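Keep the viewer open as you read.

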Amino acid sequence: VRHLHFEPALVLAAAMPWLMFAVGSIFFATVGRLFGFSRPTIGALILAGALGNTSFIGLPMIETFFGRDAMKVGVVVDQLGSYLVLSTVGLFAAAVFAEDKIGSGSKLGKVLRFPPLQALAAALVLAPVSLPGWIDVTLMRLGDTIAPLAMLSVGCQLRLSGLASNRAALSLGLGFKLVLAPLLLTPIYFGLPEAMRETARITLFEAAMPPMIGAGIVAMQHKLNAPLVTLMLGVGIPLSLLTVPAWWFGLSALG
């Protein structure tokens, strides 16, 4: 984030996760009531189904399909979109749907103490400051450990025995995240000027990513139907290896 040069198109890229979270929240709250889902299940679907894995899966996918120069769009989508959503309204939603109710002041405190939000704020504040190269290298090496640790944490809690009781919720969650959400956003982003078309394509590609691991961990910390969350991640990430390339072909065909 410290090294990014912002352009109007990148602001629109950062807006995508906010739009997806808003649409997803309405969708899961409405459909969840129709299906008679519990509040923790609806909260789990909102956290795991309305936020995408725009870093661990998204950034390598962007580099593979669009090239390294396109990574800046992915970083903006992830840091100023997905993780900023999780760090604010996402964390608030987790507290609202949690079985253990907490006051508004405590909810705000959780948001302000959330490490990803503090790190992002520090990156923005320190953007004009020239730091020694070894600091960036050290942070990068530490950051490289996050993905395997997060995957291990989620994988250790994956229980396929919970599939029977969560089949309907799992189908709705993955159907929205991998298909419906990027489909709903496509007319919006392909309506942008031609000069922004490549950024729009990369942004929609990020919208098609599987459920976000960080959001899943937050959902489990708030006891939002942990078996469903682990299934969303454990099934959604491998499934996305088929759906994400399909989206790339579809977006390329749109021109």
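Start with Glu198, which is partly exposed at 40% relative accessibility. The model is a predicted one. Glu198 meets the side chain of Arg201 in a salt bridge, 2.5 Å from N to O. Arg201 counts as buried, at 10% relative accessibility. Both residues sit in helix α10 (residues 197–207), and because they are three residues apart, about one helical turn separates them.

The whole structure holds three salt bridges. Another joins Arg197 to Glu194, with the closest N and O atoms 3.8 Å apart. Arg197 is buried at 14% relative accessibility, whereas Glu194 is exposed at 60%. Arg68 pairs with Glu63 at 3.0 Å. Here Arg68 is exposed, with a relative accessible area of 58%, and Glu63 is partly exposed at 35%.

Now turn to Lys177, in helix α9 (residues 167–189). Lys177 is buried but has no salt bridge. The nearest side chain of opposite charge is Glu206, 8.7 Å away. What does the side chain of Lys177 reach at 2.6 Å? That is the backbone oxygen of Ala207. The backbone oxygen of Met209 lies 2.7 Å from the Lys177 side chain. Lys177 also touches other residues, including Met20, Gly49, Leu51 and Pro182.

Finally, look at the largest pocket, with about 1900 Å³ of space. Its lining has 40 residues, and the closest to its centre are Gln79, Leu139, Met140, Gly143 and Ile146. Elements that give two or more residues to the lining include α3 (58–66), α7 (133–143) and α11 (213–221). Helix α4 gives the most, with seven residues.

Conventions:
Residues numbered from 1 in each chain as written. Predicted model: local features only at pLDDT ≥ 70, side-chain atom pairs only at ≥ 80, totals over all residues. Heavy atoms only, no water. Helix = DSSP H or I, 4+ residues; strand = E, 2+ residues; numbered from the N terminus. Buried < 20%, exposed > 50% of the residue type's maximum accessible area, 1.4 Å probe, protein only. Lys, Arg positive; Asp, Glu negative; His and termini not counted. Salt bridge = Lys/Arg side-chain N within 4 Å of Asp/Glu carboxyl O. Polar contact = N/O pair within 3.5 Å; in protein donor to acceptor, adjacent residues only side chain to side chain. Contact = heavy atoms within 4.5 Å. 1 Å grid on protein atoms, 1.4 Å probe; cavity = no way out; pocket = protein on both sides within 12 Å on 5 of 7 lines; lining within 4 Å. Points joined across faces, edges and corners; volume = space filled by probe spheres on them. Lists of a residue's contacts leave out its neighbours within four places in sequence.
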